[in-house]
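Here is a short report on one protein chain. Keep the sequence and the model side by side while reading.

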Amino acid sequence: MLFIIDGGWLDREYKDPISYSTRNETKTASNSNKKNRSRKIIWFNPPYSKSVKTNVGRHFLNLIDRCFPRGHKLAKIFNRSTLKLSFSCMKNMKQIIKSHNAGVMKKSKPEPQAKTCNCRQKDKCPLRGKCVVADVVYKATVNSGELSVSYVGLASGPFKTRYNNHTKSLRNEKYEKETELSKYIWGLKRKNKTYSIYWEILKQSNTMKRESGQCNLCVEEKLEIINLKEGIINKRNELISTCRHGNKRKKAPSRAKKKK
């Protein structure tokens with residue numbers, strides 16, 4: 001192939017074949033990579049029964065056409081494309097008896113007692129024998145002479161794991177700024193003041209989402225911070241902090257740079 005550069009000819013050999021494509025072909029190729037938006041469908045699942053002779057499906061579709069005809073303001077939301085019909089089969093007699101017997105047998109079996117403490121020295125347990133309880137809102141009361149302050153926190157897992165993180169930040173100065181509790185304790189250490197910490201459980205909840213989208217455990221923690229108006233070292237900006245428990249189940253989006 002010959003190219004003209006500054007009025008002269010230049011020979012270049014290309015081993016790869018060169019093809020020509022129109023604009024329409026490039027548009028169709030780029031559109032094929034786009035994902036189709038999923039359609040929102042409402043399913044009507046009536047129970048199936050051989051004794052019913054009425055054509056329930058036909059009556060249901062005719063009801064859609066009669067109530068939401070073309071030109072209706074809700075026809076784009078409720079139509080035959082967004083309202084679907086699918087029969088559901090009820091449990092037979094064998095399945096009903098089996099599930100009933102399983103429920104009765106489960107109630108009769110005594111539930112094994114869950115382990116509540118894994119401390120080697122039981123008398124030094126921070127929660128007096130309940131250190132492995134999970135999904136809790138706790139309070140740490142710091143007594144340093146005449147002054148007594150409180151710190152409220154939460155543990156979505158076992159309390160012992162959160163307690164070990166606190167003790168790490170209280171022992172090592174490089175972790176001083178991890179929590180408000182560690183900042184306060186290191187301030188007492190620099191003043192050579194003696195202190196004692198009393199741990200207790202305020203509420204036990206879970207990290208399941210409410211209808212409002214808020215986490216139960218995070219809401220309980222914020223309520224306890226509000227109730228303790230005086231003598232608390234938590235910052236007020238913790239009341240507007242976002243929940244971190246829902247992000248654990250979501251995979252973080254990749255931020256890899258595209259190769260040019």
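**Overall layout**

The chain holds six helices and seven strands. The model is a predicted one. Read from the N terminus, the elements follow the order β-β-α-β-α-β-α-β-β-α-α-β-α. The chain has 260 residues, and 25% of them count as buried. Take the contacts in the chain with a separation of 6 or more: residues 24 or more positions apart account for 52% of them.

**Helix 4**

Helix 4 covers residues 159-171.

Which residues of helix 4 are buried? They are F159, K160, Y163, H166, T167, S169 and L170. An α-helix has 3.6 residues a turn, so residues three or four places apart point the same way. The cover over the buried residues of helix 4 includes strand 5 (134-144) and strand 6 (147-158). Helix 5 (180-190) and strand 7 (196-204) are also among the covering elements.

**The nonpolar cores**

The largest nonpolar core has 17 residues. Those with the most contacts inside it are V142, F159, L181, Y184, I185 and W199. Strand 5, strand 6, helix 4 and helix 5 each give two or more residues to this core. A second, separate core has nine residues, including V137, C215, I232 and C243. In soluble globular proteins, nonpolar side chains tend to be buried together.

Leaving aside neighbours within four places in sequence, W199 is in contact with P126, L127, R128, Y138, K139, A140, F159, Y163, H166 and L181. Of these partners, F159, Y163 and H166 are also buried residues of helix 4.

**Two residues to look at**

S182 lies in helix 5. Is S182 buried or exposed? S182 is buried, because its relative accessible area is 0%, and the cut-off for buried is under 20%. Beyond its neighbours within four places in sequence, S182 is in contact with S169, L170, Y175, E176 and K177. Two of these, S169 and L170, are buried residues of helix 4.

V56 lies in helix 2 (residues 56-67). V56 counts as partly exposed because its relative accessibility is 28%. Leaving aside neighbours within four places in sequence, V56 is in contact with F44, P46 and F87.

Each of these residues is paired below with one of its contacts.

| Pair | Apart in sequence | C-alpha to C-alpha |
|---|---|---|
| S182 and S169 | 13 residues | 6.0 Å |
| V56 and F87 | 31 residues | 9.6 Å |

**The largest pocket**

Rolling a probe the size of a water molecule over the atoms shows where empty space is left. The largest pocket has a volume of about 530 Å³. Its lining has 26 residues, and Y151, L154, R162, E221 and R244 lie nearest the centre.

Which element gives the most to the lining? Strand 6 does, with seven residues. Strand 6, helix 4, helix 5 and helix 6 (216-227) each supply at least two residues of the lining. By class, the lining has seven nonpolar, nine polar and 10 charged residues.

Conventions: Residues are numbered from 1 along each chain as its sequence is written. This is a predicted model: local features need pLDDT of at least 70, side-chain atom pairs count only at pLDDT 80 or more; totals for chains, interfaces and linings use all residues. Side-chain values use heavy atoms; hydrogens and water are left out. Helices (H or I, at least four residues) and strands (E, at least two) are DSSP runs, numbered from the N terminus. The expected span of a helix is 1.5 Å times one less than its number of residues. Buried means under 20% relative accessible area, exposed over 50%, partly exposed in between (1.4 Å probe, protein chains only). Contact means heavy atoms within 4.5 Å. On a 1 Å grid over the protein atoms alone, a cavity is a set of points where a 1.4 Å probe fits but cannot get out, and a pocket is an open set with protein on both sides within 12 Å along at least five of seven lines; lining residues have an atom within 4 Å of a point. Grid points are joined across faces, edges and corners, and a volume is the space filled by probe spheres set on the points. Ala, Val, Leu, Ile, Met, Phe, Trp, Tyr, Cys and Pro count as nonpolar, Asp, Glu, Lys and Arg as charged, and the others, Gly among them, as polar. A nonpolar core is a set of buried Ala, Val, Leu, Ile, Met, Phe, Trp, Tyr and Cys residues joined through side-chain atoms within 4.5 Å.
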